[in-house]
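My notes are below the display.

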Amino acid sequence: MKNIIIIGSGIGGLVAGNLLAKKGHKVTIFEAHSMPGGYIAGFYRKGYYFESGTVSFEASASVFEAMKDIGVFEKIGFVKKRLRLVSEDFDGTPENYDGYKKLVYAAFPDDKEKLDAAFSDMDKIVSVLENSNKPLPFLYSGLKMLKSMFPYILNAPKLMKLSKLYGNMTSSEFAGRYFEKDSKLFRLFSGFGYPDMSIFMVGGSLAGLFTDLWTVKDGMQSWADILAENFRNFGGELRLNSYVDRIITKNGAAVGVTCKNTVYNADYVISASDYKKTLQKLLDDKSLIPQTLMDNIDRAPVSEGYFTVYLGLNISNEELGKHMKVPQVLAINTKPGFSIYNSEDSEFFSKASVEIYSSSMVNPKLSPEGKSSLMLQTKVPYHWMNNWGGEDKEAYRQLKEKAMDAMIDSASRLIPGLKECIEYKDAATPLTYERFTHNTDGASCSWSWNPKKKFYKGIMSVNIETPVKNLYIGSCWAMQFGGVPGALWAAYQCANKIK
Ligand SMILES: Cc1cc2nc3c(=O)[nH]c(=O)nc-3n(C[C@H](O)[C@H](O)[C@H](O)COP(=O)(O)OP(=O)(O)OC[C@H]3O[C@@H](n4cnc5c(N)ncnc54)[C@H](O)[C@@H]3O)c2cc1C
């Protein structure tokens, strides 16, 4: 039996904790916040439930396999979602990638030839990734891992060819091949997902976004709570309100942590939290990290953070549903004149696309009777407006208010009269996310999704090892492009490593 400490109780820490405790190890999870979940946490305000940030996940084959493995699948109410896309030019809820294509073709009949060319290349990526709907081999080790690779081995030559062709191509580079810069179609193709993300990953998203988009009926927090309870039932200890301020090493190996001036010894430490902070802040002996790696960590940009508006509405879910049609809507802005790279644009939020989500439309129990909840989200330029007012509290409040109002105005185009039915409102900035999860700059999905700014060599590798013996990364930061499945794969790799 090994003594294992896990830093963080996001999905990564909770899954690693369950797997290791189930194997009979002594596992303690230290969580800085007062509740488990990290980015899959949620909270109630005035009777309304809100997801703190993450409203969905994809790659369900891996997620469900893991939950079955841990023994909690039946307890979690996973719900499949449909995504409605609305722009100046189209409005539809595609059933699959082909449905999405139809929507775009119908909106831009004059651009058929250009669309044919772009989609013929996109089809190649989507068709290979669409077929890979089995749990990824990262969940397994040994013979099981080899077996799980079979479905992928058949596709491997195609996958490798495509990843070579498109893995390092950004969405703007791809869009620029077919469409005039700043045209609506250029902005549609380049504006998908994270800014300038790998077009290979765009293909991956399009392969799953319409057919494999999931949430949890009782809210994401219920998922974290079920995993936490299960972990405790396996004998694990979850310490909430317990910020780890140091990882202790001896002879180049992690041997424990300190929390609230107390030393806790361990055979292994798994950091299921931010990579940069783990090695640059928490590690007691920085000389264990080669200088080149330290420089790379310094330089490597993180994924963009989110601005989220939380609204409690005094209208029923039925009333809200008349406008929303489905619980999740992406209101896309393809007009030129704004850029996520412009941190000085004070009007950014009135121009950005808005992701709109209502958890109470998924489950009416998540709002007071006869009322409904709504979240408005968008990715934010790094350090917008001097990092939200440069530590001036009043400037921060005003910027937050301005951004909130702009987002509400944008959403009002879909939900007329929205402003008049707001009973509760608040918002989270990337600074809020960093305060609650300790992710650098409120990074929403580990490192940058721009393949030109990669930290890891492979875009699909899971990198749990650190230069420090017995210190592993068990969070989404083990992958270039994080996310719920990424955190889970990292957790599995950590659990497989510790015998
Ligand atoms: C707005 C938003 C939308 C998203 N949408 C999606 C999506 O659609 N699909 C998808 O797959 N992913 C999505 N993600 C990303 C996904 O939620 C995350 O990648 C994933 O949940 C991260 O899990 P994790 O366990 O790696 O880390 P986290 O969830 O970040 O958890 C880390 C935990 O560690 C704790 N911690 C940190 N430092 C310490 C310390 N020193 N001591 C003690 N505790 C510490 C934190 O408090 C936190 O609870 C989204 C994220 C955001 C913000």
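The entries follow in the order in which I looked things up.

**Ground rules.** I am working with a predicted model, in which local features need pLDDT of at least 70, side-chain atom pairs count only at pLDDT 80 or more, and totals for chains, interfaces and linings use all residues. Residues are numbered from 1 along each chain as its sequence is written. I take helices (H or I, at least four residues) and strands (E, at least two) as DSSP runs, numbered from the N terminus. I count two strands as paired if DSSP finds at least two bridges between them.

**Seven-stranded sheet.** I traced an open sheet with mixed pairing, in the order β7-β6-β15-β16-β17-β14-β18. Within it I checked β14 (residues 306-313) against β17 (residues 372-379): they are antiparallel, with eight bridges. Opposite valine 309 I found leucine 376 of β17.

**Five-stranded sheet.** I read the order of a second open sheet as β9-β2-β1-β13-β19, with parallel pairing. Here β9 (237-239) and β19 (471-473) are the edge strands, and each pairs on one side only. Direction ignored, neighbouring strands are turned by 20° against each other on average; angles run from 0 to 180 degrees between N-to-C directions, and axes are lines fitted to C-alpha atoms, for helices over the stretch in contact. I then looked at β2 (residues 26-30), which pairs with β9 in the parallel sense over three bridges. Threonine 28 faces glutamate 237 of β9.

**Two hairpins around β11.** I found β10 (residues 244-250) antiparallel to β11, with six bridges between them. Isoleucine 248 has glycine 256 in β11 as its bridge partner. The two strands form a hairpin with two residues between them, and asparagine 251 in that turn has a positive phi of about 50°. On to β12 (residues 262-265): four bridges join this strand to β11, again antiparallel. Threonine 258 stands opposite valine 263 of β12. β11 and β12 also form a hairpin with two residues between them, and lysine 260 in the turn has a positive phi of about 50°.

Five of the seven residues of β11 (residues 253-259) are buried, so the strand is largely enclosed by the rest of the structure.

**Helix pair.** I noted that α4 (residues 112-130) packs on α6 (residues 150-166) at an angle of about 140°, with the axes 10 Å apart. The two helices are therefore oblique to each other (under 35 degrees is roughly parallel, over 145 roughly antiparallel, 65 to 115 roughly perpendicular, and the rest oblique). The contact (C-beta atoms, placed from the backbone, within 7 Å) involves Lys124, Ile125 and Val128 of α4 and Asn155, Lys158, Leu159, Leu162 and Tyr166 of α6.

**Loop between α18 and β19.** Most residues other than glycine have a negative phi. In the loop between α18 (430-437) and β19 I came to histidine 438, whose phi is positive at about 65°. Histidine 438 is buried, with 22 other C-beta atoms within 10 Å. Aspartate 441 is in the loop between α18 and β19 and has a positive phi of about 55°. Aspartate 441 is buried, with 20 other C-beta atoms within 10 Å.

Key
Contact = placed C-beta atoms within 7 Å. Buried ≥ 20, exposed ≤ 12 C-beta atoms within 10 Å, placed from the backbone.
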